[in-house]
Structures are given as structure tokens and as C-alpha cells.
Amino acid sequence: MTAKRNRNAFTLVELLAAIAVVGMLASLVWPSAIRARDAADNARCTSNLRQLGVVIQTATNDNDNRFPEIENDRSAPIHDNADEVMTLPELVLAQGGSVDLLRCPADVRNAGSATGRVTSYYQWKGSSYEWLPFFEGETTANPTIRGPFGTLPVPLSRVRLVTDYAENGEGPHNRGGSGSSTNVLYADGSVRKVVLDGGER
Amino acid sequence: MTNRARFALIAIAILSAMTFAWRLWSELGLVTIDADSAPLDRVLRSIEKQTGIAIATDAPTGTTVTMHVIRVPLTRALRVLATATDATWTVAYLVAPDATEIRAELGRYADGQTTGWKRFTIPTPPMPGLTGSHDPREDRWQPQPEENLHAYLEQGARAVEGQFWVPDDFNPVINAPLSANRVEFVVRDLAQAADATAERVFLLTTQSRPEPTEVVPAAGITGGPPVGAPFFAGVPVDRAVIDAQIQARIDQMPAEQRASAQAAFDEGKAFFNTIEALPAIEREGKIADHFANAMERNPGQMDARMTQIDASQTVEQRIEFFRRVVRDRNAE
């Protein structure tokens, strides 16, 4: 009995060659796909921060034009009266928004990739964004900050209100690229990117 | 199996092995630490094991640390560790007649003692662009002829980032010429010429250090323990020495960062030139104004810097910091 050779089938060599070609093409396309995805994440996060700026602006107007007190996490409070202070999710809900506003896709996607934490900040803190309390209670007409040389006036365009959660000099955006970055919401409603690599060691 | 198939399988096996080897090679020296309230000593030993370096610290026994880094360069891991332990890190080159003395000196450093050795260092102030992922091991030193070991090591402190430690009473004459190279190789050649032993050790130094006025002489270089930037302490440091070291560091920066660092440095130098001849009180007032107005002069740079500092901390450290901010404000 003789084995009949099936001329329609692929040989092992052809199969391996095809796999190698597909692999090479995939390796060429993969970085571009990652960059496109990161850009989309960044755009969504920036948009969220801008909308958050509107929410905070409304809360500020309701507070006699003074920046409100906001708690990041009641289980680790920064205010002595934490129970009386709204968290970011509570503030967003109170203004009729959705807590999806507080979810940055880059944060969720990169959970644990650099900080080693198992969860994203959104899962952990209920928000991908962190409130910076430096200007709480300051009037929007004349915000000031205390420094080693006294009280300094700060223009609204330089008043930092909210930023992406970041740790150990690692922000949620552009990881593995030319430098990870974080976005910052300022009191004038603008959102600006800060590259974190090169921070003080 | 045909010969063609065998050849293809072997080729794929070789490619796979090369990919695996490249991956291992590219991650060589990277650090991964996943520590929650772990003993500092254990974290240090882990970093040593992963990178092949030696680390010493003067942190108290029982210090614990929480840090999480995955496959990051050594300098970044040290930066995170320093932030988590409220410390600073630097590299030190120790030269002594034998390794036993080096071990003993490191033991004294761990206990916070400072006698019997010179520790040449120039405390340079933090400057935008000068700090970050720079690895001081990469610094090049072009040694100029000196008479003895101490003079060479003092020159090293001026030329590169790092500290140079040597026993007070060990200062042989150096006759052999030294050629320019990476700093660790120059130190190795220097030790050979001095018939001595040299070791490179990374130091994690806690912040509880002596007041700058006690240890920074007018020469701008010290045999005492290293200190932080002497900018606001009214310390009579030698600007020329510090300027030369900053310039040396700028010269070694990558081209894309050099221009902005040079511009910032030149601006600072120009300002200090204008106040040099003023009486001390007036000079301090000018310095205060200069830094108070920094936000207006370089607005983007200032708040980007603050964001970088905030982000260099862990969430837990920021919570502590924010609590202080809120309490200080409420206390006013």
C-alpha cells in the first residue's frame, strides 16, 4: 500500500513561512496601533477633565466664587471634616453628571503595569483623577498660594485643580514612549499635558 | 521529515532563541520591586541582586518601605526608593589601602559617624533638566595632572556627579598619568596607581543631616558629610566651583536636553552676577524676589515642576502632604 500525497495541502515549510510573514507584518503595524489607541485614550481623558472643569466651576460659583473642598477618598481623608466634604464622584452626580466622567481609559488599561498596584485608580478610588487641594477656599478673583517667601498671587491659568493619578513619576499616558505623562486641569478650564520623566530624583 | 522542513525548524528554533536572548539582554539591569511595608534592607538586597551594584544606607534599622516598580532602570528605582524613604541617593567611590577599611567606613556611614575619612563632594542645587534619569555611572572624567590622591579625588568631585571618599591619612603621591574615561574606570586606574582598592557604592542617605553651615566651607567642597543645596542657608559657597560642576553636567547631557538646561543655567548665572557685589541683606532680598517671581517668568516650567514633584510620590505620601496643606491653611 502506498500513501497518496495530497497536492492541495500546505507543506510544513509553507505554513511556517506564512506564520513568519504574518508575524513580521504584525510587528510592523503593532506600534502604530498602540500609538493610535493611546492617542484615543488621551483624547478621552482630556475631554473628561474639561467636563470635570465645568462641574468644578459650577460648584465654585455655588460656593461664593471660592474653590470648593473636595475629598479624594473618605477611607484616607485629607480633611478633618471628611464626612461633610463631597468626593469627586459625589460632586459629579450632584451636578447631574455621570461617574463615567471620572474614568480614564488609560488608567484602566494600564492598571498595575508600572505602579504594581493590582487595580486601576478608578477601581481603587472611584476616580482616575485626583483633586489637588492647594487652592480650596481661595476666591477665584484673587487666588493665592503660600510659599517660602510669603503669599503669592497665582493667575487662574496656573491654578492646578485636578490631575490624573500618578505615582513614582509614572503617569497613565504614553507609557514606554518618550516619557509618560499626566494631564492637569487648571482653573481657567484649560487642560495641559506634563511629561513626568525628568522629575526630581 | 524532509531536509527542508528540518532546516526550517532549526531556523525557527535559532530565531526563537535569539529573540529570547535579546529580551533577556534588553531587560538586564532593570529593576522590579513589589514591596508593601517591606524591610528596607530586603528591598536593597533585592535591587543589588537584580542589578549587580552595592548599596549602603544610613537609614535606621527597622525602616520599612512601600514601593512598586516593574522593569525600570536603576536610576528610576533609586529615585522611587529615595522618595519612599524620604532620603536622597548618590553614587560614591571609596578608595582605601584595602577592602577591609572600605567595609569599616561603610559601617560607620550606616551608623551616622563621619570621622577619619574625607568625603569629597559638591552639593549642587537641583536644576530643571539636570535631574531625572541621569545615570552618574555614565559620567566621563578627563583627569588633569595632580600631585596626590586627595587632589585627584577633589578634582573628580568637581568634574562629575558623585562622591569620593578616602581615609584622611592615606594620600600617596600619584605619578602615573591617567587617561579620560568613564568615572569608574578612572577611579580604578587611580587606585592602581596608588596601590589601593576602589569600590563603587550607591548611597541612600536619610534627610536628617547636619546644618549646611557646619560643613560647607568657602571652597565649596568639603571633607565632611554631604549636604543639600546651600542656596538659602547663607552659606559662603564658592560659586565658581559649583558653576563649573553644573556646566560639566550640562556638557554631558543629551543634545536635545542641553540647550534648555544651558539657558536656565545661564539665566541663573546672570542673575547671581548682578547681585554678587551687594550687601548680604540686600542680596538675600533680591534672591527672595527672584524666586518669588519665578512663576511669572517661567509659568509653565514652575507648575509643570510642581506636578512632577507631586507625581514622583506615592498616593499615600501625597495624602500625608495634602493633610498638612489643609491643616496649615485651617490653622491660619
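# A tour of the predicted model, starting at the chain B sheet

Select the five strands of chain B that make up an open sheet; their order is E2-E9-E4-E7-E5, with mixed pairing. Strand E2 (55-57) and strand E5 (117-120) of chain B are the edge strands, each with a single partner strand, so one side of each has no neighbour in the sheet. From one strand to the next the twist averages 30°. Keep in mind throughout that this is a predicted model.

**Across the sheet**

E2(B) runs parallel to strand E9 (residues 197-206) of chain B, and three bridges join the two. To see one of them, select Thr57(B), whose bridge partner in E9(B) is Leu204(B).

Next, select strand E4 (87-96) of chain B. E4(B) is joined to E9(B) by 10 bridges, and these two strands run antiparallel. Thr88(B) has Thr205(B) as its bridge partner in E9(B). On to strand E7 (163-167) of chain B: E4(B) and E7(B) run parallel, with three bridges between them. Here Leu94(B) has Trp165(B) as its bridge partner. How many of the 10 residues of E4(B) are buried? Nine are, which leaves the strand mostly covered.

**Helices on the sheet**

Helix H4 (residues 99-110) lies across E2, E4, E5, E7 and E9 of chain B, and runs at about 5° to E9(B). Helix H5 (residues 149-159) of chain B lies across E4, E5 and E7 of that chain, running at about 165° to E7(B).

**The nonpolar cores**

Show side chains for Val43(B), Leu81(B), Trp141(B), Leu149(B) and Phe164(B): these have the most contacts inside the largest nonpolar core, a set of 47 residues. Helix H3 (residues 74-84) of chain B gives the largest share of this core, six residues. Which residues does Val43(B) touch, not counting those up to four places away in sequence? They are Ile33(B), Ala35(B), Ala38(B), Val65(B), Met67(B) and Leu81(B).

**Chain B as a whole**

Of its 332 residues, 44% are buried. Among contacts in chain B with a separation of 6 or more, 67% are between residues 24 or more positions apart.

**Chain A: Ser127**

Move to chain A and select Ser127(A), in the loop between helix H4 (121-125) and strand E1 (129-131) of chain A. Is Ser127(A) buried or exposed? Its relative accessible area is 2%, so Ser127(A) is buried. A polar atom of its side chain lies 2.8 Å from the backbone oxygen of Tyr129(A). Beyond its neighbours within four places in sequence, Ser127(A) contacts Leu88(A), Leu102(A), Tyr121(A), Tyr122(A) and Tyr165(A).

**Chain A: the disulfide**

Finish at Cys45(A) and Cys104(A), which a disulfide joins with an S to S distance of 1.8 Å. The count over all chains is one disulfide. The link of Cys45(A) and Cys104(A) is right-handed, with 85° about the S-S bond. Cys45(A) is in helix H1 (residues 12-62) of chain A, while Cys104(A) is in the loop between helix H2 (88-94) and helix H3 (105-109) of chain A. The pair links distant parts of the chain, 59 residues apart. Both Cys45(A) and Cys104(A) are buried.

Technical notes:
Residues numbered from 1 in each chain as written. Chains lettered and ligands numbered in written order. Predicted model: local features only at pLDDT ≥ 70, side-chain atom pairs only at ≥ 80, totals over all residues. Heavy atoms only, no water. Core = buried A, V, L, I, M, F, W, Y, C linked by side-chain atoms within 4.5 Å. Buried < 20%, exposed > 50% of the residue type's maximum accessible area, 1.4 Å probe, protein only. Helix = DSSP H or I, 4+ residues; strand = E, 2+ residues; numbered from the N terminus. Contact = heavy atoms within 4.5 Å. Pairing = 2+ DSSP bridges. Axes fitted to C-alpha atoms, helices over the stretch in contact; angles between N-to-C directions. Polar contact = N/O pair within 3.5 Å; in protein donor to acceptor, adjacent residues only side chain to side chain. Disulfide = S-S within 2.5 Å.
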